[in-house]
Structures are given as C-alpha cells and as structure tokens.
Amino acid sequence: MRVLTGIQPSGTPHIGNLFGAMLPVINLSKEHEAFIFIADLHAMTTVHRAEELSKNVLNVAIDYLALGLNPEKAVFYRQSDITGHTELAWSLGCLAPMGLLERCHSYKDKIAKGMEANVGLFYYPVLMASDILLYDADIVPVGKDQKQHVEVTRDLGQKFNNNYGDTFKIPDVKISEETGIIPGIDGQKMSKSYGNTLEIFAPEKDLRKKIMSIKTDSKGVDEPKNPDENIIYAIAKLFMNSEELSLFREKFLKGGTGYGDMKKELADKVLDYLKPYREKREELAKNPEQVKILLQNGAQKAQKIASEKLNLIKKRVGLAI
Ligand code: ADP
Ligand code: TRP
C-alpha cells in the first residue's frame, strides 16, 4: 500500500501540528511505502518572497527529519524538483470543469478573507491532484480541511481514466483526527493565526514562559480544581504516561497544589518529551547542505516513478508522436 502526502512549508510548527499531523504522518511512513514531499509550489500561491519560501522549505525539511522521518524508508522530496507535477497538472486542468474548482472551500474561504485571488490559488486543487495521481497513491493522509481536495483528485483521476483509458489509481483519503483538537494556551484551538501556540523548537526559556502563561480560572492553591475543564490538564494528556497523568489528576481533585506549580511540572514534562527532537534539530540545522543532499536523493527516487508515469500519460493524451 502506497501512502502519499504533501506538507506545506509554513512557519514554525507547534504541538498541535506535532500531534495532529506531523507524528501521525511519520508513523504511517514507518509501516507503509511512503511518499512525503514538501509542497513548495503550493506555498507559492501565498508566499511571494523568494527568501522566505526557500528558508521555510529547508526549515520544514529539518523539522520532519528531527522528528524522526527516515529518508531511507520514506521517499522525502521537494515538489518542485519533479517537473512532472506541473506537467500532469496541465493535462488534468484541461479536463477540469470550472465549476468543480469554483466550489472548492479553500479557494472560496481565502477569497472571503480578502486574500489576493491569483490564478495559482484557483488552480491549487489541480496541482494537488497531480501530486497524488502521478504516483498512484492508495492512501492520502491529510487534515480535514484538505478532504475536498482529495475528492477533487478522485474526480479528476476518474475523468482522465474515462476519457483516455485506465491510467491512474483512484486514491482514498485518510483524515487524521485521532488526537482531536489540541487547545492553545488561551483555550481556543492551537493555531499560528491565534498566537496561542507552544512551538516545538522554541528556545527553552520562551517555551517555559508560554506554558506559565496558560489561561486558568482563579481557584486558589487549596481549592479542588476540575481537570476536565483545564487547559494545563488537556495539554498534559499529550505528554504524560497514564501513571503520571493519574497522579497529576489527583493534584487537581484534592486541592493543595497551585496552578503555578502544575504549570512548572507540565513545562518539565514537555521539555523532557521534546528533548530528543530538539537536540536532533540543532544537530541537523548545523549542516543544511546535508539536508539538501537528502532531499535531492529523495527527488531521484521520486523521479524514476514520475518519469515512467509521465511517459504513459503523454501516450494516453496524444503528446507522444
Ligand atoms: P495552523 O492552524 O497553526 O496554521 P495548519 O493549518 O498549518 O496550522 O495545520 C497543519 C495541520 O496540523 C492540520 O492539517 C492539522 O492536522 C494539524 N493541526 C493544526 N492545529 C492543530 C490543533 N490545534 N490540534 C490538532 N491538530 C492540529
Ligand atoms: N494542500 C495540502 C495542505 O495544505 C498540502 C498538499 C499539497 C498535499 N499536495 C498534496 C497533501 C498532496 C496531500 C497530497 O496541507
């Protein structure tokens, strides 16, 4: 079974991304044949500064490698290294009804937020379909917000197959939602856009400071507290094993421990948990050239499959004369 997913290179990752997207993808890649690429062409729909784009791409590669993505096992590459993605996108675009793309939420939402309506943004789902179909992926793990794009992929794959003859595997979507929504330090969904994140790789001092500023009610030290309505506890669930968690829960229920002490305990746990990842990241960041080589090696592996498929596609559509 072939698993394939794309990662948007967008800023510094937080623990919502970690548990909601990054670790699940890395875990899938341990069990299955996996293609994982950095969607730098998709990022171009919104990032228009060269330096920012290239920096983000390298950073996200380092992040994933630090978190345990094994480039020997998964094919890990940059989308733009494989020109077949844009080539196939053209063939798919020529079969895609305008209405299908006009209905895509991601495009409609961005427009509604007042973002620039460039053609790239409109074409985004066609490129994504191309990313997936080019490799005959069986399963595409994505967040809920991307479900519709995988449906468009299925639709376009089917249209191509019907029109030109059986060419593509029609993929299934896998929505990663086991972890549910991880709250930020203010209790809303943790998100870059709310400024309420705990960043995985922030300096220790900053991370501690952020944890110390988690929002709580005003219960005093001696009072019993409700763990099930508490952000400290909700975040602790991700970082403590069941034994630690039941001791921590007791502290809430019994009273006698203030929120300040609980936050300190949580901060120690979070830093303990993240330590190996943070150390690995520091190591990798010292040698970005090595990371670039890893990506190039990944691109070579992806290219073999993409080239073969592209030859077939050209025959099918009449571009091979
Ligand atoms: P942000 O909201 O910070 O911009 P993204 O939209 O870039 O985050 O999220 C990338 C992926 O990370 C999402 O598809 C989702 O799977 C996961 N994710 C983001 N925030 C959370 C969260 N608070 N809880 C669980 N998963 C999350
Ligand atoms: N659009 C996806 C996102 O924003 C990233 C992506 C690009 C992708 N191409 C893909 C995901 C192909 C899965 C398969 O998260």
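Start by selecting Pro141: across from Pro141 you'll find Lys174 in strand E5. This is a predicted model, where local features need pLDDT of at least 70, side-chain atom pairs count only at pLDDT 80 or more, and totals for chains, interfaces and linings use all residues. Residues are numbered from 1 along each chain as its sequence is written, and side-chain values use heavy atoms, with hydrogens and water left out.

Now show strands E4 (residues 139–142) and E5 (residues 172–175), which run parallel and share four bridges; pairing takes at least two DSSP bridges. Strands here are DSSP E runs of at least two residues, and helices are H or I runs of at least four, numbered from the N terminus. Follow the chain from E4 through helix H8 (residues 147–164) to E5: this β-α-β crossover is right-handed, so the path runs clockwise from the first strand over the helix to the second, with the strands pointing away from you.

Which residues of E4 are buried on each side? Ile139 and Pro141 are on one side, Val140 and Val142 on the other. Buried means under 20% relative accessible area with a 1.4 Å probe, protein chains only.

Next, select helix H3 (residues 50–66), whose 17 residues reach 24 Å from first C-alpha to last, close to the 24 Å expected at 1.5 Å a residue; that expectation is 1.5 Å times one less than the number of residues. Color its buried residues, including Leu53, Val57, Ile62, Asp63 and Tyr64. Last stop: Gly68, which follows H3 and has a positive phi, near 110°.

Technical notes. Chains lettered and ligands numbered in written order. Buried < 20%, exposed > 50% of the residue type's maximum accessible area, 1.4 Å probe, protein only.
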